[in-house]
Amino acid sequence: MLYGKEDREEAEYLEPIFGSECEDVDLPKYKLNKESMEPRIAYQLVQDEMLDEGNARLNLATFCQTYMEPEAVKLMSQTLEKNAIDKSEYPRTTEIENRCVNMIADLWHASSQEKFMGTSTIGSSEACMLGGMAMKFSWRKRAKKLGLDVQAKKPNLVISSGYQVCWEKFCVYWDVEMREVPMDKDHMSINLDTVMDYVDEYTIGIVGILGITYTGRYDNIKGLNDLVEAYNKKTDYKVYIHVDAASGGFYAPFIEPELVWDFQLNNVISINASGHKYGLVYPGVGWVLWRDQHYLPEELIFNVSYLGGEMPTMAINFSHSAAQLIGQYYNFVRYGFDGYQAIHQRTHDVAVYLAKAIEETGLFEIINDGSQLPLVCYKLKEDADREWTLYDLSDRLLMKGWQVPAYPLPKDLDQLVIQRLVVRADFGMNMAYDYVQDMQQAIDDLNKAHLVYHQKKEVKTYGFTH
């Protein structure tokens, strides 16, 4: 049979992707193409754009989850179109969010004598914003009742200098003074000896951090609670604690269940955590809970239609996919307490192994050994005979695909440059052995190298992401 012009469309579809006209021109970048293209070709073009990016599984800088089970991925892909904010259209999704909040409240020891409240968020950044807003509005209401001129001074928030940048954003966006409690070599988390010196009648709250981004250390929340308890007995201007448990909130309860940091403490009024970190969900989902509705000002709550009635909500973002919170519920159902504990215990074991292996090289001083949050941080020992820096080591490791950040610690320690490895659930012992071999090879190559690229005295952030 002879084929004529009328079958050209079929012929075009049968063309090899890399023999198509679209593969003979540059991909549209800053201006829409005039014509459409076949989906298979568009897919290949976009996929090819990302070929030279790093492998997320080898990214040891990020806390964010880089693996989920195929069943979870399938479930999330099937629910991408669900709008989490549309409560009346998706009542079962709303109930799933409610179940997650209740499960997390139980995990964080919310009291049955109080009426806890909570919500999902777009990661911990939104959760921190909501927690900070609640503290500011509650402080203003209390201060006005006591006759304080709330306009006379800017309200302030007290936090360790090891804070994550979302807190700096909160203070800028909501016009709050950030009072940083400096970290030093003897206090690699919040300094309990000086923290209360930063508190006054204009303090909206104190943030305790369960997993400092830079080092993985936990603030002593119980010790901080004791200080706040004593302070509150002496003043009418009460101050309370918000715990930024972005990393530790879904980790500490399983690995250190005896650690007291959460709603068991009287002055901890709100907690946030990232579901997309050790909650084991792909980005981005976060959670924020208040121990009682008393600590969540009514003016911050909006009512939306829900099954013919009204549903209270608190959020900065509005429309977003429900896929991540459904993924969170899948994990809760799939793993249970024992499953999370088994995963995190193995993650803990890997972190401890890495710290020991790195220390055994004799070249590094361990800053954090992964015994709490599974982060391994280390700095180079003083050695005048060694020419290379941690920045050079990062470059060498990148040749093998490993993305390892090198960066200075916060101010007052900003001349101390460290490297940090974040051990996630998908970083098993086999990968850890491979990493140690590649690190040893990189060190050997650097010792033999005739050129280095980073000046010894240069202090900068290099490949460091949260």
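Predicted model: local features only at pLDDT ≥ 70, side-chain atom pairs only at ≥ 80, totals over all residues.
Leaving aside residues up to four places away in sequence, Ser189 is in contact with Ser160, Met183, Ile212, Arg217, Tyr218 and Asp219.

## The seven-stranded sheet

Seven strands make up an open sheet with mixed pairing, and their order is β1-β7-β6-β5-β4-β2-β3. The edges are taken by β1 (117-121) and β3 (177-181); each has a single partner strand, so one side of each has no neighbour in the sheet. From one strand to the next the twist averages 20 degrees.

Strand β2 (residues 156-160) runs parallel to β3, and five bridges join the two.

Gly208 is opposite Val243 of β5.

## The loop between β6 and β7

Lys277 belongs to the loop between β6 (268-274) and β7 (286-290). An unreviewed UniProt entry places the feature "modified residue: N6-(pyridoxal phosphate)lysine" at Lys277. With 10% relative accessibility, Lys277 is classed as buried. Apart from residues up to four places away in sequence, Lys277 touches Phe63, Gln65, Ala246 and Ser247.

Tyr278 is also in the loop between β6 and β7, and at 2% relative accessibility Tyr278 counts as buried. The C-alpha atom of Tyr278 is separated by 29 Å from that of Pro297, which is 19 residues apart from Tyr278 along the chain.

## Backbone exceptions

Most residues other than glycine have a negative phi, and most peptide bonds are trans. Leu280 has a positive phi of about 70 degrees although it is not a glycine. Leu280 lies in the loop between β6 and β7, and its relative accessibility of 3% makes Leu280 buried. Gly284 is found in the loop between β6 and β7 too; the peptide bond leading from Pro283 to Gly284 is cis, with omega near 0 degrees.

Asp175, also not a glycine, has a positive phi of about 55 degrees. The loop that holds Asp175 runs between α6 and β3. At 45% relative accessibility, Asp175 is partly exposed.

## The four-stranded sheet

A further open sheet has four strands in the order β10-β11-β13-β12, and its pairing is antiparallel. Here β10 (364-369) and β12 (406-408) are the edge strands; because each has a single partner strand, one side of each is left without a neighbour in the sheet. The twist in this sheet averages 35 degrees from one strand to the next. Five bridges hold the antiparallel pair of β10 and β11 (residues 375-380), and within that pair Asn368 has Cys377 of β11 as its bridge partner.

Two helices lie across strands of this sheet. Helix α9 (residues 323-359) lies across β10, β11 and β13 (417-422), and runs at about 165 degrees to β10. Helix α10 (residues 390-399) lies across β10, β11, β12 and β13, with an angle of about 35 degrees to β13.

## Cysteines

A disulfide is a covalent bond between the sulfur atoms of two cysteines. Taking 2.5 Å between sulfur atoms as the cut-off, the count of disulfides is zero. For Cys64, the closest cysteine sulfur is that of Cys166, and at 12 Å this is too far for a bond. Cys64 counts as buried, with 17% relative accessibility.

Cys171 is likewise in no disulfide, and its nearest cysteine sulfur, again in Cys166, is 9.9 Å away. Cys171 is buried, at a relative accessible area of 6%.

Methods: Residues numbered from 1 in each chain as written. Heavy atoms only, no water. Pairing = 2+ DSSP bridges. Axes fitted to C-alpha atoms, helices over the stretch in contact; angles between N-to-C directions. Buried < 20%, exposed > 50% of the residue type's maximum accessible area, 1.4 Å probe, protein only. UniProt positions renumbered as here; feature names shortened; annotations may be inferred. Contact = heavy atoms within 4.5 Å.
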